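Subject: Model handover

Hello,

The model we spoke about is below, and my notes follow it. Please read them with the structure open.

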Amino acid sequence: MSEEPRVGVFICHCGLNIAARVDVKAVSEYAKTLPNVVVSHDYVFMCSTVGQELIKEEIKKHNLNRIVVAACSPSMHEPTFRAAIESAGLNKYLLEMANIREHCSWAHSDKEAATEKAKDLVRMAVAKARLLEPLEEIEFQASPTALVLGGGVAGMRAAIDLAEYGFNVYLVEKSPTLGGRAALTGWLESDKRGADVVNNLINKIAENKNIQVFTNAELIEFSGFPGNFTAKIRVNPRYVNERCVLCGECEAECPIEVANEYQYGLSRRKAIFFPFKAAYPPMYVIDQRVCIRCGECVKACRYDAINLNKQPAILELKVGALIIATGYDPYQPPKGEYAYGLHSNIITLFQLERLLDKDGPTQGKLIIGGSIPRRIAFILCVGSRNTTPNSRNYCSRMCCTSTLTNAIKIKERYPSTDVYVLYQDINTYGNDESLYEQAGEKLVKFVKFEDPPVVDIGPEGLVIEVREVTIQEDISIPVDAIVLSVGMVPRRDVTDLISITRVSCGSEGFLREAHLKLNPVEAPTSGIFLAGAVTGPKNIIESIRAGSASASKVAALLSKGKVKAEPFTAIVNEERCSGCRICIGICPYKAITLREVDGRKVAYVEKALCMGCGTCSATCPSGAMQQYSFKDRQIIEQTIAAIRR
Amino acid sequence: MSDNNYEPRIVVFACNWCTYAAVDLAGTSRMQYPPNVRVIRVMCSGRIDPQFVLTAFKQGADGVIVAGCHPPSDCHYISGNIKALRRYTLFRRLLDELGIEKERFRLEWISASEANKWVKVVNEMVEDLKRLGPIKIEVGVV
């Protein structure tokens, strides 16, 4: 653009969010003194329809060709203001935002200092805006295919929804079966189990032609951009094929026995095993970590369904979007925490749910240490809310509800068993508040603690010593069994996933959403979506909801067949370029090559590959490589304006 | 060393994905910190050319922070942060040659969730710079 910049500055009050700490009138007056600023306004909500109309009218009235909006973070309303100026006929990249809310009014209480800072931020934005150039978004074809990682309730729901929208879905599950944690845990209304929901979802997946399921499979590489990702997955062999009829004769012959993770260690399984009743695909599987390859199972199989020589397969999948729904791990108490691991009658909430499940190791009978406990106590917040040195900061949300549901079930099935619930606070949020009343009616005894209870293993059995804070007395509760209501923690292998997909995590290790309220199922990286407990503790219903939500977001991205990307790519000044190749080595996307122009070799940027990091621009020794919207001159002018008043 | 009213000026070059978002989060969480910082957003810490930092000092910035996503693997662009790390490890030696005290330049890794780290870094730097006093730099050196 060769024409003289005509800058319009628009200062937002954001109600009182900005105006209470920043003298917006003074900032607006100040903006009028800056070079090329033609007009400056302040308004109570610039993002409102009226505010946007003001911008549009002023663009037309004053023939503005650069716009500065001083308001919230660009991550909040940059799209809003881009759309506004575009509808007034300006190229949408001729907008620069000054972040005077998150970076200023919300962070500084001294009005004078905050106002001065806001002026500086506006001056910096104007300095950059004067040098902005019109740009066009880059458009790519989008693959109508999604990759869903994780075959739990969130991932399955997402896969089904996407398939119903008409997309192809690859559903990749690390373990040998779909189902996830909900197949083993969780009560929904009345006697409906998590497993019942899982079965329902599995049936839908089994009959849907648009969904291709890979179990025993994991993501090992991920690259590309929205609409055009390449995912490499490794499918580990299960050594058993579709001819398997689940007769179980292999299992009977297998000499290897290990703790059964599908019963949380309450029973044993063989090296060749079938995970649980509704497991999908319905085939046995060999746990290669423990198999000694003795061949007894092969001999026992009458259907030629077992092949011990099967090798892992590496597949490359082209996908338009990725949904990460890999879930959580239950908190594992270290040995000795509340005497866990020191006495076999101390179990976790997850183990208790296996015992109460009709498909569990005791067919639903509450048998702990050989008998039905007459007195059983739950300890809440194990691993959560800083109760012990090893625990996390956060509340795991579902443990209170789950504890009370199970306490009520125990009282219903074994009315003579005394049930104690030791708690700091009871957070049976939402409709589950009624559980608290029900538990009270069933005479579940609530004991409130501030300091964590101490579990003693005495000659007579287990005794809980606790200071009851409502009656301010130290009490001893002899019990037959203790259930530790453990919370949810990030999966141990989530760090691998983070390095493969480059999504980010919060301080607790759960994956982070782009914005908790505005983009709750989107990763900060576009084209990647998050569903279920991978972003933090969620119950089954919330996870299913997030699965559906993420599917609709993927559909919105891929349904047009094309995706758009920000045009902040690198651009070469061919006259300046000496062909030194430094940029070629430094580009993480292999987007730069040399090509011959007028007899000289110069750098060439493949726009479709350039992701717009700008590392080449910073590295170019001759200033030939630049980045659109982040050119050297633009950043330097902004830097000068940051200091020079 | 300096008078009590001296307020250092700090220019921050922050990547869009981690540190800029952390500064946003600090604001959203209403964390309070000294208003001496001016943040310039780039897409990646790999984009931050040493000439930007030198420009800031030349203009009279008392301190400069270059900030991005945690190495090795948090970078949105695979390895821009690693390139920034290498670049600014060398750059520090240059500052020494120019007589710019090492406290005036910080390379920080602040993830989008580490608003508290951002606040800590700003507090520390403002304190350091107040102790050092205004930058003394001969125009023409950089």
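A definition before the helix pairs: a crossing is left-handed if the near helix is turned anticlockwise from the far one by less than a right angle, and right-handed if clockwise. Helices (H or I, at least four residues) and strands (E, at least two) are DSSP runs, numbered from the N terminus.

This is a predicted model, in which local features need pLDDT of at least 70 and side-chain atom pairs count only at pLDDT 80 or more, while totals for chains, interfaces and linings use all residues. Residues are numbered from 1 along each chain as its sequence is written, and chains are lettered from A and ligands numbered from 1 in the order in which they are written.

Chain A overall

Chain A has 17 helices and 32 strands. Its C-alpha atoms fill a box of roughly 85 × 65 × 40 Å along the principal axes. Of the 645 residues in chain A, 50% are buried (20 or more other C-beta atoms within 10 Å of the residue's own; exposed means 12 or fewer, partly exposed in between; C-beta atoms are placed from the backbone). Two residues are in contact if their C-beta atoms, placed from the backbone, lie within 7 Å. Among contacts in chain A between residues at least 6 apart in sequence, 70% join residues at least 24 apart.

The domain bounds come from an automatic or database domain assignment. They divide chain A into domain 1 (7–129), domain 2 (145–236 + 313–327 + 491–561), domain 3 (237–311), domain 4 (331–489) and domain 5 (569–627). Between the C-alpha centres of domain 1 and domain 5 of chain A there are 34 Å.

Helix pairs

Axes are lines fitted to C-alpha atoms, for helices over the stretch in contact, and angles run from 0 to 180 degrees between N-to-C directions. For residue classes, Ala, Val, Leu, Ile, Met, Phe, Trp, Tyr, Cys and Pro count as nonpolar, Asp, Glu, Lys and Arg as charged, and the others, Gly among them, as polar.

Helix 6 (residues 153–165) and helix 7 (residues 194–206) of chain A cross at roughly 35°, and their axes come within 10 Å. The crossing of helix 6 of chain A with helix 7 of chain A is left-handed. Helix 6 of chain A contributes A:Val153, A:Met156, A:Arg157, A:Ala159 and A:Ile160 to the contact, and helix 7 of chain A contributes A:Val197, A:Val198, A:Leu201, A:Lys204 and A:Ile205. By class, these are 8 nonpolar, no polar and 2 charged.

In the loop between helix 7 and strand 8 (211–214) of chain A is A:Asn208. Beyond four places in sequence, A:Asn208 is in contact with A:Ile160 and A:Ala163. A:Asn208 counts as partly exposed because 17 other C-beta atoms lie within 10 Å.

Helix 1 (residues 24–31) and helix 5 of chain A pack at about 35°, with axes 9 Å apart. Here the crossing is right-handed. A:Ala26, A:Val27, A:Tyr30 and A:Ala31 of helix 1 meet A:Thr115, A:Ala118, A:Lys119 and A:Val122 of helix 5. That contact has 6 nonpolar, 1 polar and 1 charged residues.

Cores

A nonpolar core is a set of buried Ala, Val, Leu, Ile, Met, Phe, Trp, Tyr and Cys residues joined through C-beta atoms within 7 Å. The largest has 135 residues, and A:Val148, A:Ala159, A:Ile323, A:Ile324, A:Leu422 and A:Ile482 touch the most other members. Helix 6 of chain A gives the most to this core, with 8 residues. Another core, apart from it, has 122 residues, including A:Met46, A:Phe81, A:Ile636 and B:Trp118.

Interface

The contact between the chains takes 46 residues from chain A and 43 residues from chain B. On the chain A side, helix 17 (632–643) is one of the elements giving two or more residues, and helix 17 has the largest share, 8 residues. The chain A side divides into 20 nonpolar, 17 polar and 9 charged.

On chain B, B:Pro35 sits in the loop between helix 1 (19–28) and strand 2 (37–42). B:Pro35 touches A:His108, A:Asp110, A:Ala113, A:Ala114 and A:Lys117. B:Pro35 is classed as buried because 23 other C-beta atoms lie within 10 Å.

Regards
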